[in-house]
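Subject: Structure handover

Hello,

Here is the structure I said I would pass on. Please open it and keep it beside you while you read the notes below.

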Amino acid sequence: MIRFEQVGKVYADGTTAVDGLSFEVAEGELVTLVGPSGCGKTTTMMMVNRLIEPTSGRILVNGEDVSTVDPVRLRRSIGFVIQQGGLFPHRTVLENAATVPALLGWKRSRARARAAELLDLVGLDPGTYGGRYPAQLSGGQRQRVGVARALAADPPVLLMDEPFGAVDPVVRERLQNEFLNLQATVRKTVLLVTHDIEEAVRMGDRIAVYGQGRIEQFDTPGAVLGAPASPYVAEFVGTDRGLKRLSVTAIEPDDLDQPPVARLDEAASAAAARLRADGARWAVVLGKGGELHGWVAAEALALAGEEGTVGDLARRMEAWVPVGAPLKRAFGEMLQHDAGWVAVLDGPRFLGVLTPAGLHEALRRSVDADVRGVGRDEVEFDSIADA
Ligand code: ADP
Ligand code: MG
């Protein structure tokens with residue numbers, strides 16, 4: 001969808017900002033450009049919508065060489081989000097969000113209706129916020145308006161330059177998650193610039209790690225963290241990359257252990273006998289459809305005698321996560337609840353438990369899966385035990 005072919009930019013004063021850039025962003029993919037300040041990220045991005053013209057090579061958007069497209073038309077067809085939203089201070093939130101549709105000559109009522117729809121989509125009630133001015137919003141709200149404005153004309157491509165850079169870390173994480181949810185629905189082709197490796201890893205389907213004016217590694221977050229292509233990349237992603245991998249590796253059914261199970265309506269005495277025979281100290285309690293009800297201790301069952309069912313003695317399961325969630329979340333649940341394992345659910349249905357050993361295996365699997373063509377012994381692997 002966006003294709004860079006040997007693109008270079010030398011500014012008038014002789015500064016080489018980027019050199020020999022070749023990479024592609026697939027349709028519906030989110031690629032993050034990450035690197036230290038001054039390495040050429042913004043230059044790269046602004047060449048896509050011709051706010052900056054390359055001095056060598058060419059850029060194709062949807063197969064079309066952008067240098068042959070009228071810059072004004074090009075910019076209206078590409079969403080652009082910058083730090084702090086870049087909003088017009090003297091226009092209301094609704095007018096800001098309606099900017100591009102208005103420029104495209106939509107009827108006023110249609111442009112405003114579309115703007116209201118987008119404000120709603122980014123979590124701002126148009127009735128409450130539509131009439132306000134940017135100065136009357138928080139940083140996070142301004143940023144949301146910036147995203148709404150960029151999406152209003154439904155462009156296939158979105159460029160985002162440090163879009164979450166100006167807000168505090170908590171709001172930042174919330175905006176990142178909101179945007180990921182949004183992206184799961186709208187599936188834009190996105191180029192997102194950041195200097196923050198955490199953000200790059202969290203947001204990107206793939207990441208381009210920039211050195212000075214060139215890409216040092218272009219790969220999935222897992223591969224960049226698991227097998228940095230150079231000492232420079234290894235240093236840039238940090239010594240805690242084993243931990244960072246936890247946030248990009250999803251829990252899969254194969255990672256799970258199957259603990260002893262007791263049925264909700266089973267007699268306590270029968271379950272007690274079974275657990276005793278298996279030498280188990282506890283069991284997961286499931287309903288008829290395999291849904292999780294909690295857990296029960298073998299001791300509690302043994303004390304119940306002939307009376308009652310497992311359901312009477314079941315206790316709430318505090319530590320659980322949905323399948324597909326990142327390992328980091330499972331790890332967080334283990335720590336928060338001081339649990340040796342977490343239950344993993346698919347909707348209400350119990351799939352198994354993730355133990356620390358399973359978590360370690362899952363990390364190892366993700367390194368193996370990501371590192372195509374790299375010898376196993378070249379992979380640097382920080383286990384969570386070392387971290
Ligand atoms: P980043 O976004 O990664 O911080 P930039 O793309 O903004 O980097 O800048 C890359 C390099 O180009 C830097 O050395 C910067 O100083 C230089 N640069 C950016 N814009 C200009 C300009 N208009 N004229 C000269 N040099 C520039
Ligand atoms: Mg920049």
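At what angle do α5 and α7 pack, and how far apart are their axes? The angle is about 135°, and the axes lie 9 Å apart. Axes here are lines fitted to C-alpha atoms, for helices over the stretch in contact, and angles run from 0 to 180 degrees between N-to-C directions. Helices (H or I, at least four residues) and strands (E, at least two) are DSSP runs, numbered from the N terminus.

Before the rest, some conventions. This is a predicted model, in which local features need pLDDT of at least 70 and side-chain atom pairs count only at pLDDT 80 or more, while totals for chains, interfaces and linings use all residues. Residues are numbered from 1 along each chain as its sequence is written, chains are lettered from A and ligands numbered from 1 in the order in which they are written, and side-chain values use heavy atoms, with hydrogens and water left out.

The chain as a whole

The chain has 17 helices and 16 strands. Its C-alpha trace spans about 85 × 55 × 35 Å along the principal axes. Of the 387 residues in the chain, 48% are buried. Buried means under 20% relative accessible area, exposed over 50%, and partly exposed in between (1.4 Å probe, protein chains only). Taking contacts between residues at least 6 apart in sequence, 61% join residues at least 24 apart. A contact means heavy atoms within 4.5 Å.

Angles under 35 degrees count as roughly parallel, over 145 as roughly antiparallel, 65 to 115 as roughly perpendicular and the rest as oblique. The crossing of α5 and α7 is right-handed. A crossing is left-handed if the near helix is turned anticlockwise from the far one by less than a right angle, and right-handed if clockwise. On the α5 side the contact uses R114, L118 and L119, which meet V145, A148 and L151 in α7. By type, these residues are five nonpolar, no polar and one charged. Ala, Val, Leu, Ile, Met, Phe, Trp, Tyr, Cys and Pro count as nonpolar, Asp, Glu, Lys and Arg as charged, and the others, Gly among them, as polar.

R114 can be looked at separately. It sits in helix α5 (residues 108–121) and is buried, with a relative accessible area of 17%. Leaving out residues up to four places away in sequence, R114 touches W106, L151, A152 and D154.

Helix α7 (residues 139–151) also meets helix α8 (residues 169–186): their axes come within 10 Å and cross at roughly 20°. The two are therefore roughly parallel to each other, and their crossing is right-handed. G140, Q143, R144, V147 and L151 in α7 meet V171, R174, L175, E178, F179 and L182 in α8. These divide into six nonpolar, two polar and three charged residues.

How many residues of strand β8 (residues 189–194) are buried? Six of its six residues are. In a regular strand the side chains alternate between the two faces of the sheet. In β8 both faces are covered, with T189, L191 and V193 buried on one side and V190, L192 and T194 on the other.

Strand β3 (residues 30–34) runs parallel to β8 and is joined to it by five bridges; V34 stands opposite T194. Strand β7 (residues 157–161) also runs parallel to β8, again with five bridges, and here L159 stands opposite L191. Two strands pair if DSSP finds at least two bridges between them.

A three-stranded sheet

An open sheet of three strands has the order β11-β12-β13, with mixed pairing. Its edge strands, β11 (261–263) and β13 (292–297), each pair on one side only. The twist averages 35° from one strand to the next. β11 and strand β12 (residues 282–286) run parallel and are joined by three bridges, and A262 has V285 in β12 as its bridge partner.

Two residues with positive phi

R50 is not a glycine, yet its phi is near 65°. R50 lies in the loop between α1 (41–48) and β4 (56–61) and is buried, at 14% relative accessible area. D338, also not a glycine, has a positive phi of about 50°. D338 lies in the loop between α16 (327–336) and β15 (342–346) and counts as exposed, at 73% relative accessibility.

Regards
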